[in-house]
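Hello,

Please have it open while you read.

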Amino acid sequence: MLLALVILGCGGDGTSSVRIDLRSDLIPGVELAEVLVIIEGDAVDASIRVPVGRSAALVDGFMLGRFDDVSRGTRQLVAQFFGPSGVRVGERRVSTRVTGADTVLTLVFTRSCIGVECGDGDASQCLNGMCVSDECSPENLEACGDVTCR
């Protein structure tokens, strides 16, 4: 597994680490070759670009990386998914609250979301082919409605 580390500040009080995991039914290295993760809403936006090889265990969960020294508060994570030819196959935005404890956020992107446009509003993100809140994640199932985030 690839561990990418991005330093956003000097550390200390008022910051936390955010670990980003990915679960997907896409075939690693065939349908999904790279993920770009951007964390927004901090003093400085930061990003990590992670190659996804054929051995990546996407169904079980694949650690994309970790952002350290993220200021506490609400942060928006944007993940862009790219196929082997470099063409973007999808995007997933997740809003999360960074607290004093280290935060783990699991991004879920399913094949059924390729080509789905949800638009703006409360259900602006796709999960399992349905539009859900950007707060929907396995760590926040209440925000998912009737859609399963597993």
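**The chain as a whole**

Please keep in mind that this is a predicted model. Buried residues account for 47% of the 150 residues. The accessible surface is about 7500 Å², and carbon and sulfur atoms contribute 48% of that. If you look at contacts between residues with a separation of 6 or more, 61% of them join residues 24 or more positions apart.

**The four-stranded sheet**

Four strands make up an open sheet in the order β4-β3-β6-β7, and the pairing is antiparallel. At the edges are β4 (46-51) and β7, each of which pairs on one side only. Direction ignored, neighbouring strands here are turned by 15° against each other on average.

Strand β3 (residues 34-40) is joined to β4 by six bridges, and Val37 has Ile48 in β4 as its bridge partner. Seven bridges then join β3 to β6 in antiparallel fashion. In that pairing, Glu34 stands opposite Phe82 of β6.

Strand β6 (residues 73-82) is mostly covered, with nine of its 10 residues buried. From β6 the walk goes on to β7, with 10 bridges between these antiparallel strands. Gln76 faces Ser95 of β7 there. The two strands, β6 and β7, form a hairpin with five residues between them. In the turn you will find Gly86, which has a positive phi of about 90°.

**The disulfides**

Cys113 is joined to Cys126, with an S to S distance of 2.1 Å. The torsion about this S-S bond is about -85°, so the disulfide is left-handed. Cys113 sits in the loop between β8 and β9 (125-127) while Cys126 belongs to strand β9, so the link ties together parts 13 residues apart in sequence. Are these two cysteines buried or exposed? Cys113 has a relative accessible area of 5% and is buried. Cys126 is buried too, because its value of 9% is under the 20% cut-off.

The next disulfide is formed by Cys118 and Cys131, whose sulfur atoms are 2.2 Å apart. This link is left-handed, with -90° about the S-S bond. Cys118 is in the loop between β8 and β9 and Cys131 is in strand β10 (residues 130-132), so that distant parts of the chain, 13 residues apart, are linked. Cys118 counts as buried at 17% relative accessibility, whereas Cys131 is partly exposed at 34%.

Cys136 and Cys144 form another disulfide, with their sulfur atoms 2.1 Å apart. Here the value about the S-S bond is 100°, and the link is right-handed. Both Cys136 and Cys144 are buried.

**A loop residue, Asp102**

Where is Asp102 placed? You will find Asp102 in the loop between β7 (88-98) and β8 (103-109). Asp102 counts as exposed, because its relative accessibility of 60% is over the 50% cut-off. Leaving aside residues up to four places away in sequence, Asp102 touches Ser16 and Ser17. The side chain of Asp102 reaches the backbone nitrogen of Ser17 at 3.4 Å. Asp102 and Val70 are 32 residues apart in sequence, and their C-alpha atoms are 9.7 Å apart in space.

**Where to start looking**

If you want a short tour, I would begin with the hairpin of β6 and β7, go on to the link of Cys113 and Cys126, and finish with Asp102 and its contact to Ser17.

Best wishes

Methods
Residues are numbered from 1 along each chain as its sequence is written. This is a predicted model: local features need pLDDT of at least 70, side-chain atom pairs count only at pLDDT 80 or more; totals for chains, interfaces and linings use all residues. Side-chain values use heavy atoms; hydrogens and water are left out. Buried means under 20% relative accessible area, exposed over 50%, partly exposed in between (1.4 Å probe, protein chains only). Contact means heavy atoms within 4.5 Å. Accessible areas come from the Shrake-Rupley method with a 1.4 Å probe; for residues, only the protein chains shown count as cover. A polar contact is a pair of N or O atoms within 3.5 Å; within protein, one must be able to donate a hydrogen and the other to accept it, and residues adjacent in sequence count only if both atoms are side-chain atoms. Two strands pair if DSSP finds at least two bridges between them. Axes are lines fitted to C-alpha atoms, for helices over the stretch in contact, and angles run from 0 to 180 degrees between N-to-C directions. A disulfide is a pair of cysteine sulfur atoms within 2.5 Å.
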